[in-house]
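Subject: Handover of a structure

Dear colleague,

Please find the structure below, together with its sequence. My notes on what was found in it follow directly after.

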Amino acid sequence: MPIYQPQRGTYDAFYEDQENIEKIASLLKQIASIYGYNPISVPVYETTELFARSAGESSDIVTKEMFTFLDKGGRSITLRPEWTAGVMRAIVTNKLYATKDLPLKLSYYGPTFRYERPQAGRYRQFNQMGVENVGVSSPYSDAETITLGYNSLKMIGFSHVILKINSIGDEESRNAYKEALKEYFSSKIDTMCPDCQRRYKINPLRILDCKDKDDQEIIKDAPKMGDFLNENSKKYFQEILTLLDNQGVEYEIDDSLVRGLDYYSHVVFEFHFISKEGTNLGAIGAGGHYDNLVEEVGGPKLSSVGFAFGIERLNTLLKEISPETYSKCFLDVFVVWLGKDVESYAYDTLQNLRLNGFKADMNFEEKSFKSQIKIALRKQAKFILIIGEDEVKNNAFGLKNLLNQEQITVTKDELITKLDELCIEEE
Ligand code: HAM
């Protein structure tokens, strides 16, 4: 029989890993809800045109990284390479901008697909958790969103976060900058990679995303965005920075940060984290302000801001930086039963534990006391409940704490209350 391997760039997650991936996503969603965000879910696939239009024809995502196929009706379909475009499409399709108060504050979590070269922290199927704040133009919206991202990372265990921030200004400023880039690269573009030559024609800003080492040497001396910001853009950026300062959000202004998606204007940002061991998986989250996306997909012009975290990157780093708090799959109670005659009594007791909210399990094959203890230890049970003939007769069980080996006797009636107390002590 053939043994199938997962596709390149995909992975299987199970037990602690999957538990923690889900835990991180759920914590991030809870934190977003504290900031007033409501959940949204959109389809995994959309028409290819939606992503091509929004991310930009010259972006790496559109030119190289989309999972695109024809469906049986001959339509070009793409698995979402990011959530923002799909969320904007849903806002327009469902007229949320007309039926709900602005800003729309939407949070999401789920699989995302990019045909990238796999490496540490880079997958072809990965999970993003993100937020979009749509419909209000105010530096407060931008600052609040960036603060949410920054605080979320701190709240889930990242003691220090590097927040890189920049402004790519309004359209007027960007057009002036693009002109300056065209002029700078005009005498050099023939020596640069074919991708850059294409970017030069469609959107010279995208040349700055080039990873080619020789090209990077040329790029490093290119004009900087900051020198082309008009007064309005400078003022808007400064207001955001002041609000971040007031909230104690630490940032580094990175004037080479332009982000690889075409829809941004004004503020753009990335969250980074480098562990003490030097692990650096690139950005653990990123986002920015955008003004035209809702309009691009058929709705009104609405100023917006958002970001997305890469959950796998967060998971890998959290495992490294705080293994002690990295949750283990555990059981509250493993029921140990001795003798076929007590099996059904033990099974009833197990169901009662579960109905009272305890994570509990037992073995359904008759095994020796010693083998059952081994199973309980492997399952990382906190307690074992011992049920033999005497215990059934007396309606009292042995309850042993596997962490400190203390054993007590509890009656059937007091079992749940006692376990409640003991589990609280353990936490
Ligand atoms: P992005 O920077 O393309 O932005 O992706 C956001 C985050 O997703 C990255 O910072 C990274 O942590 C994670 N990520 C990206 N690609 C991969 C991959 N191949 N494997 C694992 N993780 C990955 C966006 O997607 C924008 N939609 C963010 C946004 C929301 N902007 C405004 N609103």
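Asn395 sits in the loop that runs between α15 (389–394) and β15; helices (H or I, at least four residues) and strands (E, at least two) are DSSP runs, numbered from the N terminus. The phi angle of Asn395 is positive, near 55°, in a residue other than glycine. With a relative accessibility of 36%, Asn395 counts as partly exposed, where buried means under 20% relative accessible area, exposed over 50% and partly exposed in between (1.4 Å probe, protein chains only).

Please note that this is a predicted model, in which local features need pLDDT of at least 70 and side-chain atom pairs count only at pLDDT 80 or more, while totals for chains, interfaces and linings use all residues. Residues are numbered from 1 along each chain as its sequence is written, and side-chain values use heavy atoms, with hydrogens and water left out.

Gln380 also has a positive phi, of about 55°, although it is not a glycine. Gln380 belongs to the loop between α14 (369–378) and β14 (381–387) and is partly exposed, at a relative accessible area of 31%. Strand β15 (residues 396–401) contains Asn401, which is buried at 7% relative accessible area. The side chain of Asn401 reaches the backbone nitrogen of Leu403 at 2.7 Å. This is a polar contact (a pair of N or O atoms within 3.5 Å; within protein, one must be able to donate a hydrogen and the other to accept it, and residues adjacent in sequence count only if both atoms are side-chain atoms). Elsewhere, the peptide bond from Leu102 to Pro103 is cis, with omega near 0°, and Pro103 lies in the loop between α5 (96–99) and β5 (104–113).

I turn next to the ligand. It is surrounded by 27 residues, of which the closest are Glu82, Thr84, Glu116, Tyr123 and Tyr264; a residue is near a molecule if one of its heavy atoms lies within 4 Å of it. The protein covers 96% of the 660 Å² of accessible area that the ligand has on its own (Shrake-Rupley method with a 1.4 Å probe; for residues, only the protein chains shown count as cover). Two or more residues of the shell come from each of β6 (125–134), β10 (280–290) and β11 (304–310), and β10 gives the most, with seven.

As for the chain as a whole, its secondary structure comprises 16 helices and 16 strands. The C-alpha trace spans about 90 × 55 × 45 Å along its principal axes, and 50% of the 427 residues count as buried.

The largest nonpolar core has 51 residues, and those touching the most other members are Val87, Met88, Ile91, Val134, Phe185, Met192 and Ile207. Such a core is a set of buried Ala, Val, Leu, Ile, Met, Phe, Trp, Tyr and Cys residues joined through side-chain atoms within 4.5 Å. Helix α4 (residues 84–93) gives the most to this core, with six residues. A second, separate core of 37 residues includes Ile156, Phe158, Leu243 and Phe271.

With kind regards
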